[in-house]
Amino acid sequence: MRITDIQRCEVRAGRLVEWALSPATVTAAAGLPEDPRPPAYVQESHIRTARSVREDGLFVPTWLGTAFDIPGRVDLDALQDALRSWTLRHETLRSGFRWDGDEMRRFTCDTEAVSLHREVVGDFPDAARLVQHLQDRFDAAANALGWPNFLYTAVIRDDGTSVYMAFDHSNVDAYSIQRIPAEIHELYAAAVEGRPVEESPVGSYVDFCEIERADADRIDDTHAIVGRWREFVQRCNGKLPNFPVELGLEPGGALPTQKLMREMLVDADAAAAFESYCRPFGGSLVGVLAATSLIVHEIGGQPVYRAVVPFHTRVKSKWSDSVGWYVGGAPIEVSIDQAPDFPGALATVRAELQANRSLARMPLARVLRLLGSDFRPNSPDLYSIVSYVDARGIPGSERWAERAAYGLVRVSYGDQVCIWLNRLHEGLWFTCRYPETDVAYKNMRLYVERLRDVILTVAREQRARELAPHDLAG
């Protein structure tokens, strides 16, 4: 799925309809007793950060969303049935948090208490006005500090309908939002035809939160994982790493606004050849990180590339179809002395990931709490990321282009660089959020062009290898 922002996902004029949890559902939720299942550490960290940033006087929207088309004249009742059925499938969407002093307490609605309220907002003949309206509504409704914290919308035209859905990050990750178009299409088709949908049970993210937190709470500050993070943070001067190029930020300055960069990096053939070259070392993720370590040294002169690499935590099959925030991070360090060229960097990154990937199963927010350092977050992103996902296996991915399916990120404020590389059937898609400074723009453009150069060079070398006649003399 092409990851972009609401401004660049082909929004067209039409009649806007919204669905939110009904007032009756919200009233019922207000009287619910506490659900003893705790928040995940990543949820708690996210919501506490949002509160901390808000207390500093800044509203920083951090929602994620999805956009996709439904062809032909829409049946609004069937679409509403599909949206409600999908919502009920994923328990985290009917679960929220209240503050009890400084503690977060969960509440969870029963399925029979959940209903959607539909509102026809009106006609928007101007696409730009519609885009601004959608962003403002999602900012207000898909908000970390409120509940409900998601909103569904549809823009209706005679020839088809575009669906836009937004969620606070505490409920979803990038994989979750990429599964949505196919699931809603399936449920909508079944509702139109009046047939039941064969559904296998979906694991609950709320259950996962309880299990993961119980595991995390078993460790203390003497645990080996905490020791490894302690050493890594010390080598990062007591902080988690930012992207190691000059970003033009003022030390101690206000949180900067951000910009988005997005484009198709290389086509499907080049992506496949790059993957083939990198496969003996672990594949394209290793290749992208190896290339990045060399490029940031070229641009910024840093002798060591340090990063926290995101990995999914869906370690059991029951979580594979579940909506939630199933992401952890593992630290890596790539020294240019040990990895002066691409093959050397591949070997070093592979060794780093093999040694450290298991650390991603321990929530970093738990580790930071045990480290006891002053990690009072004043930015929505704890650290910069370079994320690589092969999305071609996600159900419905082969139809994303025809359905105008997009993953949506909200670009607002932040001092970190977040890079997402999504391998699609048509090629490798690049998306990046970065601070809005001239220096950051120049260096991130340089990074993109150099990353494309490295991938194309490696792909050409791999094709030459594959075409070379085999040496039969031996």
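Colleague: Which strands does helix H9 lie across?

Modeller: Helix H9, residues 284-300, lies across E12 and E14. Its direction makes about 150° with E12. Keep in mind that this is a predicted model.

Colleague: What is the strand order in the sheet that holds E12 and E14?

Modeller: Start with the general idea. Strands of a sheet pair through backbone hydrogen bonds, and the pairing is parallel or antiparallel. Here the sheet is open and has four strands, in the order E9-E15-E14-E12. The pairing is mixed.

Colleague: Which strands stand at the edges of this sheet?

Modeller: Strand E9 (258-267) and strand E12 (385-390) do. Each has a single partner strand, so one side of each lacks a neighbour in the sheet. Neighbouring strands are turned against each other by 15° on average, direction ignored.

Colleague: How many bridges join E14 to E15?

Modeller: Seven. E14 covers residues 418-424 and E15 covers residues 427-435, and the two run antiparallel.

Colleague: Which strands does helix H12 touch?

Modeller: Helix H12, residues 438-467, packs on this sheet and touches E9, E12, E14 and E15. Its direction makes about 15° with that of E9.

Colleague: Back to H9. Is Thr292 buried or exposed?

Modeller: Thr292 lies in helix H9. Its relative accessible area is 0%, so Thr292 is buried. The cut-off for buried is under 20%.

Colleague: Which side chain makes a polar contact with that of Thr292?

Modeller: The side chain of Tyr447, at 2.7 Å. Beyond residues up to four places away in sequence, Thr292 touches Phe243, Tyr305, Val386 and Tyr447.

Colleague: What is the strand order in the open sheet of seven strands?

Modeller: Read it as E1-E13-E3-E8-E7-E2-E6, with mixed pairing. Strand E1 (2-4) and strand E6 (116-124) are at the edges with a single partner strand each, so one side of each is left without a neighbour in the sheet. From one strand to the next, the twist averages 20°.

Colleague: How do strands E7 and E8 run?

Modeller: Antiparallel, with eight bridges between them. E7 holds residues 150-157, and E8 holds residues 160-167. Thr153 stands opposite Tyr164 in E8.

Colleague: Which strands does helix H5 lie across?

Modeller: H5, residues 174-193, lies across E3 (64-71), E8 and E13 (406-409). It runs at about 25° to E3.

Colleague: How many residues does the largest nonpolar core have?

Modeller: First the general idea. In soluble globular proteins, nonpolar side chains tend to be buried together. Here the largest core has 67 residues. Those with the most contacts inside it are Leu79, Trp86, Tyr152, Met165, Phe167 and Trp229. A second, separate core has 54 residues, including Leu265, Tyr277, Leu289 and Val349.

Colleague: What does Phe167 touch?

Modeller: Leave out residues up to four places away in sequence. Then its contacts include Trp63, Leu64, Trp86, Tyr152 and Ile180.

Colleague: How many residues of strand E11 are buried?

Modeller: Eight of its nine, which makes E11 (residues 327-335) mostly covered. E11 pairs with strand E10 (residues 304-312) in the antiparallel sense, over nine bridges. In E11, Glu333 is the bridge partner of Arg306.

Colleague: One more residue. Is Glu44 buried or exposed?

Modeller: Glu44 lies in helix H2, residues 41-55. With 7% relative accessibility, Glu44 counts as buried. Its side chain makes a polar contact of 2.9 Å with the side chain of Arg213. Apart from neighbours within four places in sequence, Glu44 is in contact with Pro39, Met104, Arg213 and Arg369.

Key
Residues numbered from 1 in each chain as written. Predicted model: local features only at pLDDT ≥ 70, side-chain atom pairs only at ≥ 80, totals over all residues. Heavy atoms only, no water. Core = buried A, V, L, I, M, F, W, Y, C linked by side-chain atoms within 4.5 Å. Buried < 20%, exposed > 50% of the residue type's maximum accessible area, 1.4 Å probe, protein only. Contact = heavy atoms within 4.5 Å. Pairing = 2+ DSSP bridges. Axes fitted to C-alpha atoms, helices over the stretch in contact; angles between N-to-C directions. Polar contact = N/O pair within 3.5 Å; in protein donor to acceptor, adjacent residues only side chain to side chain.
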